[in-house]
Amino acid sequence: MDRRQFLLAGSALAATAALPHTAAAQGAVPARIGYIPIIGTAPVFVAQGEGWLKEAGIAASFTVFESGPNMIQAFASGTIDFYLAGIAPLAVARSRGVDVRVVAATAVAENVFVAAPALAKFFTPGTSAAAAFKAHRASTGKAARLATQPAGSVPNTTLQYWLWEVAKADKADIEIVPMGIDATQQAVLAGAVEGGIVREPALTIVQTRNPGIRLIAGGEELFPGQPGTVLAGSGAFVTKHPEAVERTVGALIRAAALIASNPDKAAPHVGAALGKGIVDPALIRKGLTSPASKFEIDPRKIIEPSRAMQAYQVKLGSLEKELPFDGLFETQFYERALKAAG
């Protein structure tokens with residue numbers, strides 16, 4: 001259940017031959033998709049596993065990244081066509097001249113906060129989060145070290161919002177330690193940090209391996225309406241292949257419905273992508289139905305929460321100023337796909 005194996009496995013994924021009697025039969029469009037290894041990406045991998053991306057005319061290949069901000073560099077250089085990760089880095093990318101278009105959401109409210117046993121014991125009934133952090137510092141003489149992804153990412157932003165705006169914690173009681181997804185999971189398990197922001201399947205993995213690790217705050221508690229993982233295409237790709245993009249979004253709608261109605265059928269596709277058969281299928285199945293897994297394809301539902309998150313990034317200093325969202329969200333693909341689905 002080592003997440004490093006997730007990363008190695010994910011980079012080997014590629015699409016197979018096109019199905020006959022579909023749009024793909026007329027010549028599939030190669031699409032290089034960068035992603036981070038979390039359950040929030042599941043609709044894309046279910047669509048791939050069921051053959052629906054092929055039907056959409058997409059010949060997908062996949063490259064795994066440790067965080068959204070890291071992926072932006074590859075996106076800007078033109079080495080990937082689609083970005084499958086958190087929404088927060090995208091407005092920053094656009095401000096730097098990167099033409100990126102969000103065509104679908106895939107998951108919301110997926111970032112949650114967990115505490116390792118050394119910190120969890122201070123979260124007793126009736127004790128506020130701020131008081132728990134203060135009690136930890138009083139007992140150990142040290143600030144609680146909390147792991148999350150780099151500044152500008154959704155996990156980092158949601159953690160800071162919860163700490164300073166919701167919990168009203170004292171900054172002297174906390175040290176934020178930026179690190180990647182895999183490193184965060186390992187650090188929480190090893191007790192190298194006292195807590196961190198995780199997403200599925202990391203939540204299920206760490207709690208399975210150490211039941212003393214506690215879920216302290218869910219996605220909505222961290223950031224109301226928390227926007228999460230999105231599928232965003234390069235302006236060049238979206239402009240050149242609008243019909244394929246629309247059909248791809250339609251495939252995601254079908255995938256989200258399958259996850260909800262038959263997670264047992266969806267789980268092997270997700271496991272193949274995130275674990276390449278290494279991770280226990282039951283663990284992937286549990287992650288798909290976890291309280292931290294909320295699949296949502298409609299990009300319209302995350303526009304206003306994304307604005308709120310951007311405004312908070314300005315307050316944090318990870319963004320210089322609020323940036324216009326004009327052109328960032330291309331909702332027409334979802335609207336057309338939904339209409340086509342009847």
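This is a predicted model: local features need pLDDT of at least 70, side-chain atom pairs count only at pLDDT 80 or more; totals for chains, interfaces and linings use all residues.

User: In which sense do E6 and E10 pair, parallel or antiparallel?
Analyst: Strand E6, residues 112-115, pairs with E10 in the antiparallel sense, over three bridges. Within E10, Leu-215 is the residue that stands opposite Val-114.

User: Now the inside. Which residues touch the most other members of the largest nonpolar core?
Analyst: They are Ile-58, Val-249, Val-270, Leu-288 and Ile-297, in a core of 44 residues. Helix H13, residues 242-261, supplies the largest share of this core, with 10 residues. As a general background, nonpolar side chains in soluble globular proteins tend to be buried together.

User: What does Ile-58 touch?
Analyst: Leaving aside residues up to four places away in sequence, Ile-58 touches Ala-28, Val-29, Ala-31, Leu-53, Phe-237, Ala-244 and Thr-248. There is also a second, separate core of 34 residues, which includes Ala-74, Ala-93, Ala-232 and Leu-319.

User: Back to H13. At roughly what angle does its axis cross that of H14?
Analyst: The axes of H13 and helix H14, residues 263-274, cross at roughly 120 degrees and come within 6 Å. H13 is therefore oblique to H14.

User: Which residues meet there?
Analyst: From H13, Leu-258, Ile-259, Ala-260 and Ser-261 meet Pro-263, Lys-265 and Ala-266 of H14. The residues of this contact comprise five nonpolar, one polar and one charged.

User: One last topic: where is Gln-149 found?
Analyst: Gln-149 is in the loop between strand E7, residues 144-148, and helix H8, residues 154-166.

User: Is it buried or exposed, and why?
Analyst: Gln-149 counts as buried because its relative accessible area is 6%, and buried means under 20%.

User: What does Gln-149 touch?
Analyst: Not counting residues up to four places away in sequence, Gln-149 touches Glu-66, Ser-67, Gly-68, Pro-155, Asn-156, Pro-178, Met-179, Ile-181 and Arg-199.

How values were computed:
Residues are numbered from 1 along each chain as its sequence is written. Side-chain values use heavy atoms; hydrogens and water are left out. Two strands pair if DSSP finds at least two bridges between them. Helices (H or I, at least four residues) and strands (E, at least two) are DSSP runs, numbered from the N terminus. A nonpolar core is a set of buried Ala, Val, Leu, Ile, Met, Phe, Trp, Tyr and Cys residues joined through side-chain atoms within 4.5 Å. Buried means under 20% relative accessible area, exposed over 50%, partly exposed in between (1.4 Å probe, protein chains only). Contact means heavy atoms within 4.5 Å. Axes are lines fitted to C-alpha atoms, for helices over the stretch in contact, and angles run from 0 to 180 degrees between N-to-C directions. Angles under 35 degrees count as roughly parallel, over 145 as roughly antiparallel, 65 to 115 as roughly perpendicular and the rest as oblique. Ala, Val, Leu, Ile, Met, Phe, Trp, Tyr, Cys and Pro count as nonpolar, Asp, Glu, Lys and Arg as charged, and the others, Gly among them, as polar.
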